[in-house]
Amino acid sequence: MDWFYELWPKLGEAFRGWLESALPDSIEGWVIYLVLGLLSMLVIVNLPIVGVMAMIYMERRLLGRFQNRLGPNRVGPFGILQPVADAIKIMTKEDIVPNGVDRIVFNIAPIVMLTPILLMFAVIPYGGDTFLTNLNVGILFIVAITAVDTIAIFMAGWSSNNKYALFGAMRAVAQLVSYEIPLLIAILGVVVITGTMNLNEIVAHQSSLPLILFQPLGFVIFFVAISAELNRSPFDLLEADSEIIAGFHTEYSGMKFGMFQLAEFAALMGYSAVIATLYLSGWEGPGLPGYLWLFVKVFFIFGIFVWTRATLPRLRIDQVMALAWKFLLPLSFLNVAITAVEVVVWENGLPEWLIPVNIVIGAGLVAIMHRGLNFQGQTRQVVPSGPERLAAINRPVGGGTE
Amino acid sequence: MLADYGYIGIYLLLATLIPVSMLLIPWALSFVGVKPHNPTPVKLETYESGMRTIGGSWIRFNFRYYYFALLFVIFDVEVVFLFPWAVYLDKLKLFGLIEMGIFILILMVGYAYAWRKKALEWS
């Protein structure tokens with residue numbers, strides 16, 4: 001049973017023992033250290049790529065169910081080989097580079113997009129002793145490295161020599177940059193409580209109670225901000241198909257398009273793991289080993305992302321910007337202020353009766369701040385009902401240019 | 001701690017290698033004959049919903065983007081100051097709380113000014 005619960009550390013130990021006996025004594029210790037490190041890196045760098053295949057399958061099946069249809073079910077049992085078929089198809093597709101594109105930037109952009117996303121998996125703790133690196137600035141590293149994606153999106157949009165791509169890139173930069181700030185400040189609430197940016201220590205801090213109980217408001221802000229950062233559906237207007245074709249990757253085809261898609265889903269997977277680590281006590285849980293618990297949580301959070309995608313319609317750009325600057329930003333500052341006061345008042349850990357108090361404060365603040373958005377309870381012009389509706393429909397098109 | 005950053009450095013090389021190989025493998029496949037390559041003048045045109053492309057693509061865009069970029073820089077720099085404070089809050093105690101309260105208050109004056117001047121409006 002030990003092997004089941006501590007699979008990866010034990011595998012590493014066994015492999016180190018085998019290497020030490022197999023290699024001659026003249027080989028120094030650091031070589032073995034390096035070889036082991038490289039092997040674990042190979043595992044971790046392939047983890048998002050395999051995980052993305054599962055996520056794409058899961059999203060298509062779930063969306064199918066939400067929309068009262070079957071989803072992919074032809075390739076393999078239950079359509080489980082569909083992502084493999086898609087991968088083969090996308091690899092062998094013709095690679096079109098249109099006239100007038102800036103060839104160097106056009107080709108580098110997918111690489112710049114994917115590399116930072118793969119990097120964020122290096123610091124996530126997958127279990128008790130299962131992590132590649134134990135950075136003391138873990139969470140800051142993740143946010144900083146994934147912010148590079150904004151540049152990649154702009155590179156893709158600018159070099160494409162396409163108006164739609166440029167529009168998509170402009171929207172992307174405005175949106176990603178705006179939601180970066182509520183995201184960072186929501187993380188700040190967790191850092192204030194735990195007193196560390198090290199992801200392993202943040203998980204250790206939640207061994208008794210997950211932080212979502214003490215940070216309900218912070219969790220909501222983080223979730224909304226991250227769905228905007230990852231272009232998930234209510235905020236996916238940088239690639240809104242009905243307005244600007246496909247946004248910044250309009251001109252991409254074949255594997256380059258696949259890499260953008262891969263980066264998007266890998267970021268989703270990585271940030272689901274970050275949400276699990278920050279708020280849902282990471283790999284800790286009863287019964288199952290840590291690495292399995294983390295993936296149960298990751299796919300649970302991913303299911304919520306799919307659910308919001310299936311439920312909510314797309315926002316307009318002014319609503320998106322107003323939500324970031326007039327709603328989430330003040331709310332996240334208030335959240336940090338309340339959390340900081342709580343941490344200073346109760347020096348030896350927060351008492352448990354604060355949990356309902358925090359939830360009530362969070363709900364009250366959301367209700368009050370909602371007025372700042374100035375939408376007056378409606379997000380767009382509502383078409384009237386009854387005879388007024390008929391009049392509105394029968395009104396001459398073009399609206400009075402006479 | 002330093003070894004951890006070394007690992008990150010090696011991992012960066014690996015994480016660059018994988019996307020590069022993802023570009024190179026399809027490129028190599030086109031020599032084997034698995035992947036088609038027949039460009040035609042129409043296919044290589046800039047995509048514009050099936051119409052002939054009109055004008056250049058580097059067009060004017062809404063100046064509002066510039067406002068948001070400016071505001072972003074201000075708040076992003078602020079967050080850089082907030083993170084070390086958050087880590088050491090349990091040692092700074094009340095002093096740290098008041099100090100950071102004043103800092104954020106000064107910034108909030110600027111934020112309120114931006115809101116009042118309608119820099120946060122899109123239209």
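What volume does the largest pocket have? Hello everyone, let me start there: about 1200 Å³. A pocket here is an open set of points on a 1 Å grid over the protein atoms alone, with protein on both sides within 12 Å along at least five of seven lines, while a cavity is a set of points where a 1.4 Å probe fits but cannot get out; lining residues have an atom within 4 Å of a point. Grid points are joined across faces, edges and corners, and a volume is the space filled by probe spheres set on the points.

A word on the ground rules. This is a predicted model, where local features need pLDDT of at least 70, side-chain atom pairs count only at pLDDT 80 or more, and totals for chains, interfaces and linings use all residues. Residues are numbered from 1 along each chain as its sequence is written, chains are lettered from A and ligands numbered from 1 in the order in which they are written, and side-chain values use heavy atoms, with hydrogens and water left out.

Back to that pocket. Its lining has 39 residues, and those nearest the centre are A:Ile56, A:Ile90, A:Phe257, A:Gln261 and A:Phe265. At least two lining residues each come from helix H3 (29-66), helix H4 (82-91) and H12 of chain A, and from helix H1 (2-32) of chain B. H12(A) gives the most, with eight residues. Helices (H or I, at least four residues) and strands (E, at least two) are DSSP runs, numbered from the N terminus. By class, this lining has 18 nonpolar, eight polar and 13 charged residues. In that count, Ala, Val, Leu, Ile, Met, Phe, Trp, Tyr, Cys and Pro are nonpolar, Asp, Glu, Lys and Arg are charged, and the others, Gly among them, are polar.

The second largest pocket has a volume of about 960 Å³. Of its 26 lining residues, A:Trp8, A:Pro9, A:Gly12, A:Ser40 and A:Phe131 lie nearest the centre. The classes come out as 17 nonpolar, five polar and four charged.

About 170 Å³ of space lies in the largest cavity. It is lined by 16 residues, with A:Thr146, A:Asp149, A:Glu229, A:Leu230 and A:Ala267 nearest its centre. H12(A) gives the most to this lining, with four residues. The lining of the largest cavity divides into nine nonpolar, three polar and four charged residues.

The second largest cavity has a volume of about 90 Å³. Its lining includes A:Phe214, A:Pro216, A:Asn335, A:Glu342 and A:Leu365. Helix H10 (216-229), helix H14 (317-345) and helix H15 (354-369) of chain A are the elements giving two or more residues to it.

On to the aromatic rings. There are 18 aromatic pairs over all chains. Rings of Phe, Tyr and Trp (its six-membered ring) pair if their centres lie within 6.5 Å; planes under 30 degrees apart count as stacked, over 60 as edge-to-face and the rest as tilted. A:Phe154 and A:Trp158 are a stacked pair, 5.9 Å centre to centre with 20 degrees between the planes. Both sit in helix H7 of chain A, four residues apart, about one turn of the helix. A:Phe154 is partly exposed at 28% relative accessibility, and A:Trp158 is partly exposed at 35%. Buried means under 20% relative accessible area, exposed over 50%, and partly exposed in between (1.4 Å probe, protein chains only).

Why is the pair B:Phe75 and B:Tyr111 called edge-to-face? Because its planes stand at 90 degrees, with the ring centres 5.8 Å apart. This pair links distant parts of the chain, with B:Phe75 in helix H2 (residues 64-87) and B:Tyr111 in helix H3 (residues 89-116) of chain B, 36 residues apart. Both B:Phe75 and B:Tyr111 are buried. They also belong to one aromatic cluster with A:Trp325, A:Phe333, B:Phe68 and B:Trp115.

Finally, chain A as a whole. It has 16 helices and zero strands. Of its 402 residues, 52% count as buried.
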